[in-house]
Amino acid sequence: MKITLVAITALVAAAMPFARAQEESPSPAAPPEATASDPSVSVTTEKTSPPPKAETSPSPTKSSSPAASKTSPSATPSTSSSPAAVMPTKKSTPEATIREIEDKWEASVTNHDSSVAQAYLADDFRGVSSKGKVMSKANLLSEIKKDTDTYSSTKNGKVDVRVFGGQFAVATGTSTEAGKAKDGQAFKRSFRWTDVWVLRKDKWQCVASQAMLVK
């Protein structure tokens with residue numbers, strides 16, 4: 001028993017110097033840091049890394065463009081930058097349009113010109129003349145061409161136009177005509193009339209009319 005203990009003690013004593021030697025021996029030096037010259041190391045890290053995020057800027061508008069910033073002291077675009085804003089297209093109202101047609105129509109009587117009536121009378125026009133005669137478009141155009149009176153003036157009085165729903169209008173007014181008849185006798189006639197207009201394919205057409213002679 002004593003012999004065994006002595007043997008174990010001897011083994012432990014012999015192993016201790018070896019363990020200490022291992023503890024005291026310096027660990028192997030780490031390999032030198034890889035450099036870009038090492039062919040086994042990638043040098044594309046900087047190139048492949050995502051670029052820094054660009055600063056967010058507003059969408060390109062007239063106010064953010066260089067030209068706009070030079071011409072305008074503020075970033076807000078002015079209304080003068082658009083030709084349409086400088087020169088807006090003014091559209092005539094239906095009332096003004098119909099009044100203009102009525103005046104052209106009456107003025108055309110002076111020269112027995114049927115072109116205005118031809119342009120604005122609807123094909124399905126029906127009218128009643130100052131003599132009580134029912135007229136179609138063809139009848140009215142024929143009457144204009146057959147007229148033998150010589151006119152010194154033809155003029156509308158106040159023309160009132162009422163528009164309903166943007167597609168239908170009623171115009172009322174007076175007309176005064178002066179001149180000489182075929183026999184040379186002077187005349188001056190006044191009429192009161194009503195015209196009915198309908199908007200068809202963006203064009204106003206007279207579909208009905210009635211006139212009466214006013215003393």
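1. In this predicted model, the lining of the largest pocket comprises 12 nonpolar, 9 polar and 10 charged residues. The pocket holds about 1,000 Å³ of space. Among its 31 lining residues, Ser129, Ser130, Leu140, Glu177 and Phe191 are the closest to the centre. Two or more lining residues come from each of α5, β1 (121-128), α7 (137-146), β3 (150-156), β5 (168-180), β6 (186-200) and β7 (203-214).

2. The count of salt bridges is 5. One of them joins Lys137 to Asp123, with the closest N and O atoms 3.2 Å apart. This pair connects helix α7, which holds Lys137, with strand β1, which holds Asp123, across 14 residues. Lys137 is buried at 11% relative accessibility, whereas Asp123 is exposed, at 68% relative accessible area.

3. Asp124 also forms a salt bridge, its partner being Arg200, and the closest N and O atoms lie 3.1 Å apart. Because Asp124 belongs to strand β1 and Arg200 to strand β6, the pair ties together parts 76 residues apart in sequence. Asp124 is partly exposed at 42% relative accessibility, and Arg200 is partly exposed at 33%.

4. A salt bridge between Arg189 and Asp149 has its closest N and O atoms 3.0 Å apart. Arg189 sits in strand β6 and Asp149 in the loop between α7 and β3, with 40 residues separating these distant parts of the chain. Arg189 is partly exposed, at 24% relative accessibility; Asp149 is buried, at 13% relative accessible area.

5. Ser114 lies in the loop between α5 (94-108) and α6 (115-120). Its relative accessible area is 15%, so Ser114 counts as buried. Beyond residues up to four places away in sequence, Ser114 touches Leu141, Ile144 and Lys145.

Key
Residues numbered from 1 in each chain as written. Predicted model: local features only at pLDDT ≥ 70, side-chain atom pairs only at ≥ 80, totals over all residues. Heavy atoms only, no water. Helix = DSSP H or I, 4+ residues; strand = E, 2+ residues; numbered from the N terminus. Buried < 20%, exposed > 50% of the residue type's maximum accessible area, 1.4 Å probe, protein only. Contact = heavy atoms within 4.5 Å. 1 Å grid on protein atoms, 1.4 Å probe; cavity = no way out; pocket = protein on both sides within 12 Å on 5 of 7 lines; lining within 4 Å. Points joined across faces, edges and corners; volume = space filled by probe spheres on them. Nonpolar A, V, L, I, M, F, W, Y, C, P; charged D, E, K, R; others polar. Salt bridge = Lys/Arg side-chain N within 4 Å of Asp/Glu carboxyl O.
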